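Subject: Structure handover

Hi,

Here is the structure I promised to pass on.

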Amino acid sequence: TAEIVLNNTDTDICVIGEGEITFKEVVENINRLESVKGIYFKQDERITKNPPREYVKNLDEIDFPAWDLFPIDIYLKNCNFDNFSPAIDVITGRGCPYDCRFCSKTFRDVRFRSVENIIKEIQLLIHKYNVKGIIFEDELFVVNKKRIYEFCDKIEPLNIKWMCNGRVNLVDSNLLNRMKKAGCQVICYGVESGSQTILDNMNKQITTEQSKQAIIDTIEARIRPNLFMMYGYLGETRETLKE
């Protein structure tokens with residue numbers, strides 16, 4: 001938590017939640033931090049908790065990252081997958097509608113950038129940095145099928161490879177085949193466990209059969225499934241390992 005950071009490090013200010021607007025206001029109001037929403041700050045060994053900041057309603061209003069201010073060559077050289085390099089990370093939305101018990105749940109709602117806005121950023125990355133691959137880092141990229149179909153229609157002409165995070169209960173053969181045609185190479189799934197008991201303990205809201213079918217459908221669509229697994233979760237025993 002912010003209190004732990006402020007009490008145990010030399011940090012003076014913690015930004016809570018989204019930082020695009022908050023950080024700018026911190027810089028502009030460094031001598032009157034009490035006026036800035038969305039921060040905890042330490043002054044004379046006393047921690048002040050300011051009111052929270054509202055979420056950004058329209059993510060399209062946030063500027064694209066100023067890649068030119070970073071050592072972009074290092075990013076492009078080290079951010080790659082399946083030999084598609086140079087590649088780079090892009091985030092198209094915030095939040096996840098599920099409530100898995102092990103998750104930090106950064107945002108309590110789900111908000112998306114428009115497909116047009118996403119494509120514009122990808123076009124910039126292609127033209128300016130010759131990017132060949134995109135790694136979508138959304139907590140859950142495949143959450144709205146209509147949006148994914150629209151996205152596939154718009155990204156396919158760019159002839160770029162990409163990967164993303166999906167969910168085993170939200171994909172089907174038709175969607176996966178469309179994603180493959182549009183350049184998708186890898187989908188990451190939070191399978192977490194082969195035990196239905198443990199999945200229920202996690203409040204994962206999936207079944208082991210859904211995991212099995214999603215993996216089969218993904219392979220048949222010629223997309224590589226990348227699986228996230230957890231071991232030693234609460235309630236796990238020798239018996240649940242045999243399920």
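The lining of the largest pocket divides into 10 nonpolar, four polar and 11 charged residues. (Ala, Val, Leu, Ile, Met, Phe, Trp, Tyr, Cys and Pro count as nonpolar; Asp, Glu, Lys and Arg as charged; the others, Gly among them, as polar.) This is a predicted model: local features need pLDDT of at least 70, side-chain atom pairs count only at pLDDT 80 or more, and totals for chains, interfaces and linings use all residues. Residues are numbered from 1 along each chain as its sequence is written, and side-chain values use heavy atoms, with hydrogens and water left out.

Largest pocket

The space in the largest pocket is about 660 Å³. On a 1 Å grid over the protein atoms alone, a pocket is an open set of points where a 1.4 Å probe fits, with protein on both sides within 12 Å along at least five of seven lines. Lining residues have an atom within 4 Å of a point. Grid points are joined across faces, edges and corners, and the volume is the space filled by probe spheres set on the points.

The largest pocket has 25 lining residues. E20, I62, D63, P65 and R94 lie nearest its centre. Two or more residues each come from α2 (20-28), β4, β5 (93-94) and α4. α2 gives the largest share, three residues. Helices (H or I, at least four residues) and strands (E, at least two) are DSSP runs, numbered from the N terminus.

Second largest pocket

The volume here is about 360 Å³. The second largest pocket is lined by 17 residues, with C96, C103, E139, E192 and K204 closest to its centre. β8 and β9 each give two or more residues to this lining. The largest share, three residues, is from β9. By class, the lining has eight nonpolar, three polar and six charged residues.

E192 deserves a look. This residue sits in strand β9. E192 counts as buried because its relative accessibility is 7%. (Buried means under 20% relative accessible area, exposed over 50%, partly exposed in between; 1.4 Å probe, protein chains only.) Leaving aside neighbours within four places in sequence, E192 is in contact (heavy atoms within 4.5 Å) with F102, L199, M202, K204, F228, M229 and M230.

Five-stranded sheet

Five strands form an open sheet in the order β4-β7-β8-β9-β10, paired in parallel. Two strands pair if DSSP finds at least two bridges between them. The edges are β4 (87-90) and β10 (224-229), each pairing on one side only. From one strand to the next, the twist averages 20 degrees. Axes are lines fitted to C-alpha atoms, for helices over the stretch in contact; angles run from 0 to 180 degrees between N-to-C directions.

β7 (133-136) and β8 (161-166) run parallel and are joined by three bridges. I135 has M163 in β8 as its bridge partner. Helix α4 (115-129) lies across β4 and β7, at about 140 degrees to β7. Helix α8 (208-220) lies across β9 (184-192) and β10, at about 150 degrees to β10.

Three-stranded sheet

The order in this open sheet is β1-β2-β3, with antiparallel pairing. β1 (13-15) and β3 (46-49) are the edge strands, each pairing on one side only. Here the twist averages 10 degrees from one strand to the next. Three bridges join β1 to β2 (39-43). V15 stands opposite I39 in β2.

Best regards
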